[in-house]
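Thanks for coming, everyone. I'll walk you through one protein chain today. Please look at the structure first.

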Amino acid sequence: MTSILTLLEGPQTLGRGRRFWSGFALVVAAASAYPLFADGYDVGNNVYFFNWTFMALGLCLIWGYGGSLSFGQTAFFGIAGYAYGVLTINLGDAYGLTLFALVAAVLISAVCAAILGYFLFFGRISGVFLGIVTLSVTLVMERFISQTAGPEWHIGTARLNGFNGMGAMPSLTIPWPGGPIVLFPDVALYYVTLVLLILVYLGLRMLVNSRFGNVIVAIRENPQRAEMLGYDVRKYQLGTFIIGSSLAGLSGVLYTSWGNYITPASMGMTAASLPIVWVAVGGRSDLTTTLFGSFLVLIGFQALTIYGSQYALVVMGALLVLTVLVAPSGIVASAVLLVSKRWMRKKPQSGEVS
């Protein structure tokens with residue numbers, strides 16, 4: 001128990017002690033109670049936000065902790081989403097086969113990430129060139145899928161449908177003695193996704209505070225020094241890339257099963273750049289600020305697309321520029337550090353008064 005707590009509160013993550021975990025419990029309780037007071041549409045809409053945060057957490061691991069800027073998250077998002085569609089359309093949703101398709105699709109995205117990552121990291125590609133290569137792969141994937149509109153482009157009974165997108169795949173279905181539970185975008189799916197998000201968040205906290213996490217942070221700070229200490233930098237970078245890309249794949253599966261639809265646009269230039277904005281605004285060097293910041297930006301972006309779609313991307317671009325110029329460590333992360341510093345300054349003063 002002590003070792004688990006040590007990993008959860010290690011030096012690579014913000015937040016520790018009774019105050020932090022009490023706040024965490026309150027947030028979880030509020031999120032759990034939310035469906036009791038909201039209508040079905042709002043509950044399903046929040047599932048949509050939850051789906052994207054897995055991708056953001058994966059990018060935080062790759063970029064924030066590993067130091068490798070990747071534009072490939074949406075490529076693995078699309079690969080897993082299309083894999084889920086192909087598998088479920090061909091296999092159906094009986095006997096828990098959608099859960100099998102979820103796991104298989106995430107594994108397919110992990111294998112693709114391993115292949116690409118091997119050539120990237122063992123080929124010593126780093127810095128801006130890694131970003132260029134991953135962006136190129138993403139755009140090639142988007143262009144390829146967009147031109148698969150003809151009837152000859154099918155896998156079994158599943159047609160890829162080109163730029164029109166693939167649809168009619170079943171939602172996630174849990175086999176149950178009294179009848180299968182179909183996870184439509186409503187309360188049941190909300191709770192399943194919320195529990196999964198909490199588990200992934202806590203698991204990543206433990207990962208980045210473990211020996212593995214300490215090594216990837218050391219590689220981010222000084223790869224030459226880490227290599228001189230005997231660590232195989234390439235293996236750690238590849239492992240980080242696979243885990244982060246698999247989380248993007250999980251986002252793709254959850255999104256596809258949520259809307260029963262996926263299009264090549266989910267891998268386009270705009271889609272590839274948006275996760276960078278989410279993570280940068282939240283604070284790429286911490287999981288908690290990334291999670292909180294990404295959720296806020298996603299809500300704001302959706303509101304902008306509804307009430308002023310012509311300005312949405314302009315505002316996102318301006319927000320990224322503002323973050324880089326004013327708060328390079330992230331707007332949310334900078335705000336948290338500022339509040340904590342002021343709290344620490346006031347703490348001795350209150351002791352003196354008393």
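How many aromatic pairs does a search of the whole structure find? The search finds 24. Rings of Phe, Tyr and Trp (its six-membered ring) pair if their centres lie within 6.5 Å; planes under 30 degrees apart count as stacked, over 60 as edge-to-face and the rest as tilted.

Here is one of those pairs. Tyr48 and Trp258 sit 5.2 Å apart, centre to centre. Their planes are at 45°, and the pair is tilted. Tyr48 belongs to helix H3 (residues 40-65) and Trp258 to helix H10 (residues 233-259), so the pair ties together parts that are 210 residues apart in sequence. Helices here are DSSP runs of H or I with at least four residues, strands are runs of E with at least two, and both are numbered from the N terminus.

Now a second pair. Phe144 and Trp153 have ring centres 5.5 Å apart and planes at 90°, so this pair is edge-to-face. How accessible are these rings' residues? Tyr48 is partly exposed at 22%. Phe144 is partly exposed at 38%, and Trp153 is partly exposed at 28%. Buried means under 20% relative accessible area, exposed over 50%, and partly exposed in between, with a 1.4 Å probe and protein chains only.

There is also an aromatic cluster. Its members include Tyr48, Trp258, Phe50 and Phe77.

A word on the model itself. It is predicted: local features need pLDDT of at least 70, side-chain atom pairs count only at pLDDT 80 or more, and totals for chains, interfaces and linings use all residues. Residues are numbered from 1 along each chain as its sequence is written, and side-chain values use heavy atoms, leaving out hydrogens and water. pLDDT is the predictor's confidence in each residue, from 0 to 100. The chain's mean pLDDT is 90, and 95% of its residues reach 70 or more. Over residues 350-354, though, the pLDDT is below 50. Beyond near neighbours in sequence, that stretch has zero contacts in the model. Contact means heavy atoms within 4.5 Å. Where pLDDT is low, the predicted coordinates should not be read in detail.

Next, helix H4, residues 73-91. What should its 19 residues span at 1.5 Å a residue? They should span 27 Å, and the end C-alpha atoms are 27 Å apart, which agrees. The expected span is 1.5 Å times one less than the number of residues. In H4, 15 of the 19 residues are buried, so the helix is largely enclosed by the rest of the structure. Gly92 follows H4, with a positive phi near 85°.

Two single residues now. Ser171 lies in the loop between strand E3 (166-167) and strand E4 (173-174). Is Ser171 buried or exposed? Ser171 is buried, at 6%. Its side chain makes a polar contact of 3.0 Å with the side chain of Asn260. A polar contact is a pair of N or O atoms within 3.5 Å; within protein, one must be able to donate a hydrogen and the other to accept it, and residues adjacent in sequence count only if both atoms are side-chain atoms.

Leu197 is in helix H7 (residues 187-208). Leu197 is buried too, at 7%. Leaving aside neighbours within four places in sequence, its contacts include Phe50 and Leu291.

Last, the whole chain. There are 13 helices and six strands. Buried residues make up 46% of the 354.
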